[in-house]
Amino acid sequence: MDLDDLLGVPPPFAGFDLQVMVDRGVYAPGETVRITVTAANQGDRFVEHHYPGWQRYELTIHDEYHRSVADDLIERSAEHEAVDRWLPGQLAIWPTYWNQTRGPIVPARVGAAPGPRVDPGRYRARVTWLGREPGHRERPAEVIGPWFELT
């Protein structure tokens, strides 16, 4: 047991729920895949999350061999870290639309052209939360959505 356990302090991200889902299980060629990321403080305490910049999470699309084929990674630094204060019961929802291409999921954010269309097959979305609770190095586990198919 450590001191936090003895004092009854909950571990970082206790009650924090992160999820990623798509709107359907199968998509025809060229159909847009709607990806929804949700984050909720389901705990009974107020928490702060500090982020290295404005981006709250990183979203990647992986093929059936677990290779990343598309992402929303932004390489723009911020002068100061961002801070969110999460109230108990607070929920945030972020929709993202992927056009089944390699490279950036949202080309306008990185100033790059979309890549070629990915091959038909099974894919899934993965989310990495970038926030940290002050005084802790831990991060929540990555969240992996269900498989979906591109025909």
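1. Arginine 85 is exposed, with a relative accessible area of 60% (exposed means over 50% relative accessible area, buried under 20%, and partly exposed in between, using a 1.4 Å probe and protein chains only). Its side chain meets that of glutamate 48 in a salt bridge of 3.0 Å, N to O (a salt bridge is a side-chain nitrogen of Lys or Arg within 4 Å of a carboxyl oxygen of Asp or Glu). The pair links distant parts of the chain, with glutamate 48 in strand β4 and arginine 85 in strand β7 (residues 82-86), 37 residues apart. Glutamate 48 is partly exposed, at 27% relative accessible area.

2. A word on what you are looking at: this is a predicted model, in which local features need pLDDT of at least 70 and side-chain atom pairs count only at pLDDT 80 or more, while totals for chains, interfaces and linings use all residues. Residues are numbered from 1 along each chain as its sequence is written, and side-chain values use heavy atoms, with hydrogens and water left out.

3. The whole structure holds 6 salt bridges. Another one of them joins arginine 56 and aspartate 84, with the closest N and O atoms 2.8 Å apart. Arginine 56 lies in the loop between β4 and β5 (57-63) and aspartate 84 in strand β7, so this pair ties together parts that are 28 residues apart in sequence (strands are DSSP runs of E, at least two residues, numbered from the N terminus). Both arginine 56 and aspartate 84 are buried.

4. Glutamate 133 and arginine 45 also meet through their side chains in a salt bridge, at 3.3 Å, N to O. Glutamate 133 sits in the loop between β10 (121-129) and β11 (143-144), and arginine 45 in the loop between β3 (33-41) and β4 (47-51), 88 residues apart. Glutamate 133 is buried at 7% relative accessible area, whereas arginine 45 is partly exposed at 23%.

5. Now for the nonpolar side. The largest nonpolar core has 31 residues, of which Ile35, Ile61, Trp98, Trp129 and Phe148 touch the most other members (such a core is a set of buried Ala, Val, Leu, Ile, Met, Phe, Trp, Tyr and Cys residues joined through side-chain atoms within 4.5 Å). Setting aside residues up to four places away in sequence, tryptophan 129 touches several residues, including Phe13, Trp86, Trp94 and Arg56 (contact means heavy atoms within 4.5 Å).

6. Finally, threonine 96 is in strand β8 (residues 91-98) and is buried, with a relative accessible area of 3%. Beyond its neighbours within four places in sequence, threonine 96 contacts Val33, Arg34, Ile35, Tyr57, Leu59, Ile105 and Val106.

Methods:
Helices (H or I, at least four residues) and strands (E, at least two) are DSSP runs, numbered from the N terminus.
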